[in-house]
Amino acid sequence: TTMTNMPSVTLLGVAQDGGVPQAGCSCSRCMAVHKGESTELYPVAIGIIDDDDKYHLIEASRTLSRQLYLWAKSTEHLKGKGGINMIPSITSVTLTHLHLGHVDGLGLFGREAIGSPSGSIRLISSAPVINSLKCLDPFCVETITNESTIQLGSGVALEFWRVPHREEEGSETYGIVIRGTKKSIFFLPDHDTYKETLEFHKMSTIKDWLRSLNIDLALIDGTFFTVDEVCCRRADAKGIPHPTISESLEKLGQKNDG
């Protein structure tokens, strides 16, 4: 197999934990997927290939089989001419937090599906997440805390930044800087509010915080465009633990050239 020669990152999902279509939802977007009129959206996840052609996953959803195929298909060009769409074996799984769509695919690495050997995959997350998980047989556990940095693989490091997100549940949530040799990406799939996150990191604005991370690209929580999307599913739309996309656009403003 031809090596990639530099790390690559593939976005494997963009949806909230339930994906699209969501169970029990009959909105027009979900029904369009059921009818074959629109494309299924997978729960948020990222795939990283390091300098040594090792595959690393951030988040593990129930749509793992389709996400792994998407990953193999989308990176075929990295293998050179005659590349084959091989489903990759996973070297590590990193979890930002414990909520459903980020962890409910972990069991697929066990004997019922992939059958990974015991201790063959690094499982990287905070102690509260690790301590709450039951399906640890295929994994070799590594715990992180706020501002931890780990070497994920050749040419790739991960930096962990804690963010407030449903803290009352006793877990911890992290944004992750994926630091390559030339480019860096900040992955922040979930947090409660900009106010709480900025106060936690002693920053005045979201732009100031992102600049302080020294990154090239930020992938931030886009769970809902407005709260109107969930009004039909909840009696009370207040207290939704995610900033809306419309709020993010307002706070970030227009992109400046350069």
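Start with Leu-57. Leaving out residues up to four places away in sequence, Leu-57 touches Leu-12, Ile-46, Leu-64, Trp-71, Ile-90, Ser-92, Val-93, Thr-94 and Phe-109. Contact here means heavy atoms within 4.5 Å.

A word on what you are viewing. This is a predicted model, in which local features need pLDDT of at least 70, side-chain atom pairs count only at pLDDT 80 or more, and totals for chains, interfaces and linings use all residues. Residues are numbered from 1 along each chain as its sequence is written, and side-chain values use heavy atoms, with hydrogens and water left out.

**Stop 1: the cores**

With Leu-57, they touch the most other members of the largest nonpolar core, which has 21 residues. Such a core is a set of buried Ala, Val, Leu, Ile, Met, Phe, Trp, Tyr and Cys residues joined through side-chain atoms within 4.5 Å. Buried means under 20% relative accessible area, exposed means over 50%, and partly exposed lies in between (1.4 Å probe, protein chains only).

Which elements give two or more residues to this core? They are S2, S3, H2, S4, S5 and helix H4 (127–132). H2 gives the largest share, three residues. Helices (H or I, at least four residues) and strands (E, at least two) are DSSP runs, numbered from the N terminus.

Now select Ile-48, Ile-124, Phe-160 and Ile-176. These are among the members of a second, separate core of 15 residues.

**Stop 2: the sheet**

Switch to cartoon view. Six strands form an open sheet in the order S1-S2-S3-S4-S5-S6, with mixed pairing. Strand S1 (8–13) and S6 are the edge strands, each pairing on one side only. From one strand to the next, the twist averages 20°. Two strands pair if DSSP finds at least two bridges between them.

Next, select helix H2 (residues 64–74). H2 packs on the sheet and touches S1, strand S2 (45–49), strand S3 (55–58) and S4. The direction of H2 makes about 145° with that of S1. Axes are lines fitted to C-alpha atoms, for helices over the stretch in contact, and angles run from 0 to 180 degrees between N-to-C directions.

**Stop 3: strand S5**

Select residues 121–126. Is strand S5 largely enclosed or open? Five of its six residues are buried, so S5 is largely enclosed by the rest of the structure.

Check its neighbours. Strand S4 (residues 90–94) pairs with S5 in the parallel sense over three bridges. Ser-92 has Arg-122 as its bridge partner in S5. Thr-94 stands opposite Ile-124. Strand S6 (residues 139–144) also runs parallel to S5, joined by six bridges. There, Ile-124 stands opposite Glu-142.

**Stop 4: aromatic pairs**

How many aromatic pairs does the structure hold? There are four. Rings of Phe, Tyr and Trp (its six-membered ring) pair if their centres lie within 6.5 Å; planes under 30 degrees apart count as stacked, over 60 as edge-to-face and the rest as tilted.

Select Phe-160 and Tyr-174. This pair is edge-to-face, 6.3 Å centre to centre with 80° between the planes. Phe-160 sits in strand S8 (residues 156–163) and Tyr-174 in strand S9 (residues 173–180), 14 residues apart. Phe-160 is buried at 0% relative accessibility, and Tyr-174 is buried at 3%.

Move to Phe-186 and Trp-209. They too form an edge-to-face pair: 5.3 Å centre to centre, 85° between the planes. Phe-186 lies in strand S10 (residues 184–188) and Trp-209 in helix H6 (residues 206–212), so the pair ties together parts 23 residues apart in sequence.

**Stop 5: salt bridges**

The count of salt bridges is seven. Each is a side-chain nitrogen of Lys or Arg within 4 Å of a carboxyl oxygen of Asp or Glu.

Return to S5 and show side chains. Arg-122 and Glu-142 meet in a salt bridge, 2.6 Å from N to O. This pair links S5 and S6 across 20 residues.

Then select Arg-66 and Glu-40. Their closest N and O atoms are 2.8 Å apart. Arg-66 is partly exposed at 36% relative accessibility, and Glu-40 is partly exposed at 28%.

Finish at Arg-162 and Glu-172, a salt bridge at 3.3 Å. Arg-162 counts as buried at 19% relative accessibility, as does Glu-172 at 16%.
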